[in-house]
Amino acid sequence: MSEYRGCELPEDLFYDLDYVWVRPEDDGTLTIGVTDPAQTMSGRLQKARIKKVGTHLDAGRHVGTLESGKWAGGVPVPFAGEVVARNDALLEDPHMINIDPYGDAWIARVKPDDPQHALDHVKTGLEAIEALQAWIKRYDVQCMRCSD
């Protein structure tokens with residue numbers, strides 16, 4: 001796991017180079033979440049809305065919406081697909097994202113329409129880590145995790 005300015009950046013994930021991460025699962029689905037720097041910038045999350053299982057999304061559409069006291073925004077999917085699971089625990093406690101953005105606080109799992117090209121618009125490895133470090137520097141982010 002890379003770390004920059006206190007921000008955790010797992011090398012094994014794919015990133016949209018803004019604030020979304022994507023993790024391929026063994027069953028062919030892709031798990032979506034928000035990055036550590038994104039959760040820091042948003043502040044303590046107070047509300048989450050996530051699309052229902054069975055919802056089809058075009059690339060760039062929001063699989064969910066998050067709100068804090070100072071920010072509200074959507075979580076876009078970088079590929080078209082169908083929501084096959086959502087993290088209902090976030091509906092009750094969206095603050096989980098501020099505590100564990102890469103673990104228990106995943107947002108949704110999506111079955112891509114075109115699995116062979118679903119990751120074409122996201123980056124991974126050194127290229128992603130360097131781009132995320134530039135993003136963190138540009139926005140002058142110093143990551144911190146909230147506690148319960």
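How many disulfides does the structure hold? The structure holds 1 disulfide, a term used here for a pair of cysteine sulfur atoms within 2.5 Å.

1. Basis of the note. The model is predicted, so local features need pLDDT of at least 70 and side-chain atom pairs count only at pLDDT 80 or more, while totals for chains, interfaces and linings use all residues. Residues are numbered from 1 along each chain as its sequence is written, and side-chain values use heavy atoms, with hydrogens and water left out.

2. The disulfide. Cysteine 7 is joined to cysteine 143, with an S to S distance of 1.9 Å. The link is right-handed, with 85° about the S-S bond. Distant parts of the chain are brought together by this pair: cysteine 7 belongs to strand β2 (residues 7-9), cysteine 143 to the segment after α4 (125-138), and the two are 136 residues apart. Helices (H or I, at least four residues) and strands (E, at least two) are DSSP runs, numbered from the N terminus. Cysteine 7 is buried at a relative accessible area of 0%, and cysteine 143 is buried at 8%. Buried means under 20% relative accessible area, exposed over 50%, and partly exposed in between, with a 1.4 Å probe and protein chains only.

3. Threonine 31. This residue is found in strand β5 (residues 30-34) and is buried, at a relative accessible area of 0%. The side chain of threonine 31 makes a polar contact with the side chain of glutamate 25 at 2.7 Å and another with the side chain of arginine 109 at 2.9 Å. A polar contact is a pair of N or O atoms within 3.5 Å; within protein, one must be able to donate a hydrogen and the other to accept it, and residues adjacent in sequence count only if both atoms are side-chain atoms. Leaving aside residues up to four places away in sequence, threonine 31 touches residues including Trp21, Val22, Trp106 and Ala108, where contact means heavy atoms within 4.5 Å.

4. Alanine 105. The loop between α3 (96-99) and β11 (108-112) contains alanine 105, which is buried at 1% relative accessible area. Apart from residues up to four places away in sequence, alanine 105 touches Asn87, Leu90, Met96, Ile97 and Asp100. Proline 94 is 11 residues from alanine 105 in sequence and 8.0 Å from alanine 105 in space, C-alpha to C-alpha.

5. The largest pocket. Its volume is about 190 Å³. On a 1 Å grid over the protein atoms alone, a pocket is an open set of points where a 1.4 Å probe fits, with protein on both sides within 12 Å along at least five of seven lines; lining residues have an atom within 4 Å of a point. Helix α1 (residues 36-42) gives the most to the lining, with 4 residues. Among the lining residues are Asp18, Tyr19, Trp71, Trp135 and Tyr139.

6. Positive phi values. Most residues other than glycine have a negative phi. Arginine 5 has a positive phi near 50°; arginine 5 lies in the loop between β1 (2-4) and β2 and is partly exposed at 29% relative accessibility. Leucine 17 has a positive phi of about 65°. Leucine 17 is found in the loop between β3 (14-15) and β4 (20-24), and is partly exposed at 28% relative accessibility.

Note on methods:
Points joined across faces, edges and corners; volume = space filled by probe spheres on them.
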